[in-house]
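Let's take a walk through this structure together, one region at a time. Keep the sequence and the 3D view open as you read.

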Amino acid sequence: MAVPQPRVRYYLHGRGELAHEKNIESITVSIETAGNAPVVAKSDVVIVGGGSAGVTAAVSAARNGCSVTLVERYHHLGGMASGGMVLVLDDMVNGQEIVVAGIVEEFVQRMAKEDMAVFPPEDDRYASDEMYRKWARWGVHDFHQAKKPQPIVYAVAFDPDAWKRTSLDLIRENDINLRLHSWFSDAIVEDGRIRGVVCQTKMGRQAILGDIVIDTSGDLDVACSAGAEFSQGQYIVTTVFRLANVDTDEAMRFEYEEPEEFAKVNREARRIIGGAWEMWWLRTPIPGVVWCNCPHMPGYDGITVEDLTAAEYEGRDRMMGLFEYVKGNMPGFEHANMLGAAEQVGVRTTRMLQGEYVVTKDDVISRRYFSDTVCRGRDYYTPYRALLPTKVDQLIVAGRHYSAEPEAQKRSREIPPCMAQGEVAGIAASLALQHDTLIRDVDVRKIQNQMRKQGADPGDVPSANATDVGDRAVNQ
Ligand SMILES: Cc1cc2nc3c(=O)[nH]c(=O)nc-3n(C[C@H](O)[C@H](O)[C@H](O)COP(=O)(O)OP(=O)(O)OC[C@H]3O[C@@H](n4cnc5c(N)ncnc54)[C@H](O)[C@@H]3O)c2cc1C
C-alpha cells in the first residue's frame, strides 16, 4: 500500500540559509501543507485525548448510540491516571456522601476484581487515630480538612497498568474506533462549526470527520486550534515515580512510633526532593511498591518542548537524590529499588477554556450551585456552560482544561470529576445528534436525567452545604 505523503513546501523567511543562521529566532519557516490529508475515519463523535475524561466520554457517547472515534497520541490510554502515574481517585465525596459515580465506579469495580484497586470499607470511613494510621498512607484521608486526624473517606488507590487495561477493555466492548499513535494537529472548521480533526501520524497527516468533536486533550489543543477563547494557566509539574521493595509496615512503624526522629528524616527527604506534600509516598495495590507524588517543580510551561524536556532532566535528578537519601536514612526503605519514573511528566494546568461560563475560585470555595449543574466533585458544582466554547459550534470539552479560573481549576481537577465531565460530554453529544440541535442548545435536564440513569450524580440536587441555590442566569 502506498504511504500517503503530505505535500509540504518550506519557505525560509529571514536572512541566510537555515543551516548557517546563528540566531534561529530571526527565522520563520512557513510550511504550506496542501490540505490533502486522507480521511481515515468518519463517525458521529470524534474525541481527542484518551485520558480519563476522554475514555469516559467515548464510552458514554457509544452507550448512548453514537459511533465514536477516539484519538490518542501515545500507545496507552489513561493520560495522567496511568502514564502520569497519578494513583489515587479522590474528590468523590462531600463529607460521607458519594458524589461522583457512574463510569468511574465501573473502573473501580473492574480493577478491584483484579485486586488492583484498594479503598476503605464503609465501616472504616471516619476520623480516629487508629483509622488514620491504617489508611492515610493509601491517600484516602480527607486532606481538605484542617483538623487532625483527618477523616478516612471513600477514595481509591489503584494500579496504572490496571487502569490502562480497563480503559482498553471498555473501549473494545463498546465498539469504539480507537486510533492510538495519532497526534492531533489541526481542527477542521467551516463557518464557525467544527467538522473534524487532522492528526499527525507515521503515515503522514490523516483526517477524521465527525458531527461533534469532544476535546479531552487536557491542554485544550482542539479548541485552541478551532479558534475558541482560552486562558493560560501554569502550576507545578511533577515527575511521579515508584519505588519497589519498600517495607511499608516498618516505614509506618517508624512514622508513628518514633515521631520525632521520623519528622527529622522526613523533613530532610522533602528538602532534598525540593518540594513535596507531607505524604510524599503512598501505598499502591502491589505490596512493597509505593508511588511518590513529587517533586514540585515550578516555572515550567506544560506545553512547550523546551520546558517539558528540561523537566525530564530535573525530575529524574531530583528523584534519584531522594532515593539515595531514603535508602540510607529512612527505616523501611533500606532495600528499596527505583522502579522508574512515569511515562509522562505530570502536568496539572496549561491552557484552559474561556467558555460560556468561567468557574471562579469563589464558586468552588463557596460550593456555589448552578441550576445547569451537570456533574460535581467533592463539594463543588460544574455548570454545563463551563464545557462549551463561545465561538465554535459542535465542540465540547471535558477534563482539566474546562472553563475555570486557574485558582478554581487547581481545586477541582481531580480524576473523578474530570471523568464525570467526560460522561456528560458523551451524553450531550448523543442528545444533540438525536434532536438535531447544536450541542450548546441541548436541554440540560435531559443530560441530568441521563447521568442519573447511568448511575452518575449530575449534581442537580444540591447538598445541604451548597450555596447560591437560587442560581444566576442559565441557558435553559
Ligand atoms: C502530579 C499530579 C498529581 C495529581 N494527583 C491527583 C490525585 O492524587 N488524585 C486525582 O484524582 N487527581 C490528581 N491529579 C489531577 C489529575 O491527574 C488530572 O487532572 C486528570 O487526570 C486529568 O484528566 P484529563 O483526562 O482531563 O487529562 P489527561 O489525563 O492529561 O489526558 C489527556 C489525554 O489527551 C492526550 N493528548 C494530549 N494532547 C494530544 C494530542 N495533541 N493528540 C492526541 N492526544 C493528545 C494525552 O496523551 C492524554 O492521554 C494530579 C495531577 C498531577 C499532574
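This is a predicted model: local features need pLDDT of at least 70, side-chain atom pairs count only at pLDDT 80 or more; totals for chains, interfaces and linings use all residues.

Residues are numbered from 1 along each chain as its sequence is written. Helices (H or I, at least four residues) and strands (E, at least two) are DSSP runs, numbered from the N terminus.

Helix H7 covers residues 259-273 and helix H8 covers residues 305-329; they pack at an angle of about 160 degrees, with their axes 8 Å apart. That makes H7 roughly antiparallel to H8. Axes here are lines fitted to C-alpha atoms, for helices over the stretch in contact, and angles run from 0 to 180 degrees between N-to-C directions. Angles under 35 degrees count as roughly parallel, over 145 as roughly antiparallel, 65 to 115 as roughly perpendicular and the rest as oblique. On the H7 side, the residues are Val-265, Glu-268, Ala-269, Ile-272 and Ile-273, and they meet Arg-318, Gly-321, Leu-322, Tyr-325, Val-326 and Asn-329 in H8. Contact means that the C-beta atoms of two residues, placed from the backbone, lie within 7 Å. Sorted by class, this contact has seven nonpolar, two polar and two charged residues. In that sorting, Ala, Val, Leu, Ile, Met, Phe, Trp, Tyr, Cys and Pro count as nonpolar, Asp, Glu, Lys and Arg as charged, and the others, Gly among them, as polar.

Four strands form an open, antiparallel sheet in the order S17-S18-S16-S19; two strands pair if DSSP finds at least two bridges between them. Strand S17 (281-283) and strand S19 (337-341) stand at the edges with a single partner strand each, so one side of each has no neighbour in the sheet. Strand S16 (residues 241-244) pairs with S19 in the antiparallel sense over four bridges, and Ala-244 stands opposite Asn-337 in S19. H8 packs on this sheet, touching S16 and S19, and its direction makes about 160 degrees with that of S19.

A second open sheet has three strands in the order S5-S9-S8, again with antiparallel pairing. Two bridges join S5 to strand S9 (residues 156-158), and Val-88 stands opposite Ala-157 in S9.

Now turn to the ligand. Of the 39 residues around the ligand, Gly-49, Gly-51, Gly-79, Gly-218 and Gly-399 come nearest; a residue is near a molecule or strand if its C-beta atom, placed from the backbone, lies within 6 Å of it. H1 gives the most to this shell, with three residues. By class, the shell has 15 nonpolar, 14 polar and 10 charged residues.

Finally, some backbone details. A cis peptide bond joins Lys-148 and Pro-149, with omega about -5 degrees, and Pro-149 is found in the loop between helix H3 (129-135) and S9. Another cis peptide bond joins Cys-294 and Pro-295, with omega about 5 degrees.
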